Amino acid sequence: MKINLEYLSILRQFHVLYAIINIITIYIVLSNFKFIGYDISIPFHIIISLMIFLGSLNRIPFHPIFDIFIIPFALLIIIPDSLLKKILLCIFGPLSLGLNLSKSLSSVINTTNFEDRGIKSGIILFTTYLLIGLFSLFILNVYYFIFLIVFLKLIAFIMKIKSKEFTIYKDYTKTKFSLKLSFLLLWLIFISIDTISGSILYSFYHQIFAHLQNIVLFTSIIFMLIVGILIDKYGRRWFLLFSYASLGMLYAFISLFGETLMGLIILASIPWSILTTLFTMVIWGDICSLNERSYYVAISFIIVILCRLFYLIEFPLLIQQIFSLITIFLFIATFVILLLPETLPESIKQKKELENYIKKVKEIKKKYG
């Protein structure tokens with residue numbers, strides 16, 4: 001299983017680097033809310049979700065000027081608390097972090113086609129989460145935090161200005177709204193379960209929770225590259241099915257044996273990498289037109305951001321009951337997937353099989369000819 005080095009060239013494109021930096025910055029901000037203030041966590045998450053959706057609309061300009069709002073946002077963090085400060089934080093932060101997010105990522109999806117969408121998505125997300133993990137190690141206090149987010153957004157500003165025109169592919173399968181909604185519901189189920197289980201895991205292992213998160217993160221990103229190659233070759237549906245079925249069995253196991261097996265949640269890193277790759281980029285490239293992609297990318301991010309509010313809830317440590325309910329939802333999702341079509345056209349899979357066959361024939365001919 002090899003990665004064609006030509007695919008790595010996608011990381012040299014400024015619009016791709018711009019999207020990567022946008023994702024990294026919003027992740028770092030929302031994961032280090034202790035520096036901003038938990039008292040504005042709920043309004044901040046709601047407003048940034050609204051900005052992400054507004055940014056996906058065609059009437060809203062896709063302009064790097066919004067990235068510069070990170071500077072007043074960063075300065076506000078270190079001044080004394082006041083009502084005005086909290087209001088301005090909830091304005092400048094969402095403007096800088098959310099308004100360009102969906103269009104920046106959908107523009108990257110537009111540079112992929114059915115034949116390479118998986119591997120390119122895997123490379124981009126591998127790079128994104130690897131940098132998130134590395135940068136997170138250096139956030140030692142509020143000043144490191146402020147320096148990092150300002151530095152990243154200024155680099156993003158430069159990348160956006162320097163970005164040039166790029167080849168756009170229109171590869172997608174025309175689908176009904178009900179199918180798109182089905183995929184969004186599947187993503188909602190997974191993210192809700194992921195954040196609820198994460199909140200419960202924190203209750204048990206709060207002293208080492210950050211280390212557990214890093215283990216899951218670095219395990220997941222390795223699988224993103226593997227998944228990217230495989231879903232281009234074998235299709236998306238079976239990997240979706242595997243992810244929800246394996247999660248269902250995992251949580252069923254934990255519901256039977258309780259907190260003694262809570263550490264097994266780390267095994268969720270494999271389906272997490274599959275579903276993140278599919279629902280962040282691949283699925284919306286497969287079933288959405290160029291004009292639709294930014295909307296569905298936006299909703300996918302909004303689901304993640306709003307579900308993060310589950311971390312503010314102290315769930316009762318009734319592992320058997322909660323995880324039994326989670327298991328039911330996962331197996332319902334598995335059943336739904338059986339009814340959904342494959343989003344990778346059969347013609348593409350057949351073409352790849354033929355190319356592999358021809359390649360093997362040439363290798364045999366060269367060896368024995």
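**Why is it called that? Terms at work in a predicted model**

S49 touches I302, I305 and L306, leaving aside residues up to four places away in sequence; touching means heavy atoms within 4.5 Å.

This is a predicted model, where local features need pLDDT of at least 70 and side-chain atom pairs count only at pLDDT 80 or more, while totals for chains, interfaces and linings use all residues. Residues are numbered from 1 along each chain as its sequence is written, and side-chain values use heavy atoms, with hydrogens and water left out.

Me: Why is S49 called buried?
Reply: Buried means under 20% relative accessible area, exposed over 50%, and partly exposed in between (1.4 Å probe, protein chains only). S49 has 5% relative accessibility, so it counts as buried.

Me: Where does S49 sit?
Reply: S49 is in helix α2. Helices here are DSSP runs of H or I with at least four residues, numbered from the N terminus.

Me: How do you know that the span of α2 is close to the expected one?
Reply: The expected span is 1.5 Å times one less than the number of residues. α2 (residues 41-55) has 15 residues and reaches 21 Å from its first C-alpha to its last, close to the 21 Å expected.

Me: Which residues of α2 are buried?
Reply: They are S41, F44, H45, I48, S49, M51, I52 and G55. They cover an arc of only 160 degrees around the axis, so they are on the same side of α2. The arc is taken from the directions from the helix axis to the C-beta atoms.

Me: What makes D81 and K85 a salt bridge?
Reply: The rule wants a side-chain nitrogen of Lys or Arg within 4 Å of a carboxyl oxygen of Asp or Glu. For D81 and K85, N to O is 3.0 Å, and that makes a salt bridge. By this rule the count comes to 8.

Me: Are D81 and K85 buried or exposed?
Reply: D81, at 61% relative accessibility, counts as exposed. K85, at 5%, counts as buried.

Me: What about R236 and D286?
Reply: Their closest N and O atoms are 2.7 Å apart, so by the 4 Å rule they form a salt bridge. R236 lies in the loop between α9 (209-234) and α10 (237-257) and D286 in helix α11, so the pair ties together parts that are 50 residues apart in sequence. Salt bridges that share partners join R117, D232, R236 and D286 into one network.

Me: Why is D286 called buried?
Reply: Its relative accessible area is 0%, so D286 is buried.

Note on methods
Helix = DSSP H or I, 4+ residues; strand = E, 2+ residues; numbered from the N terminus.
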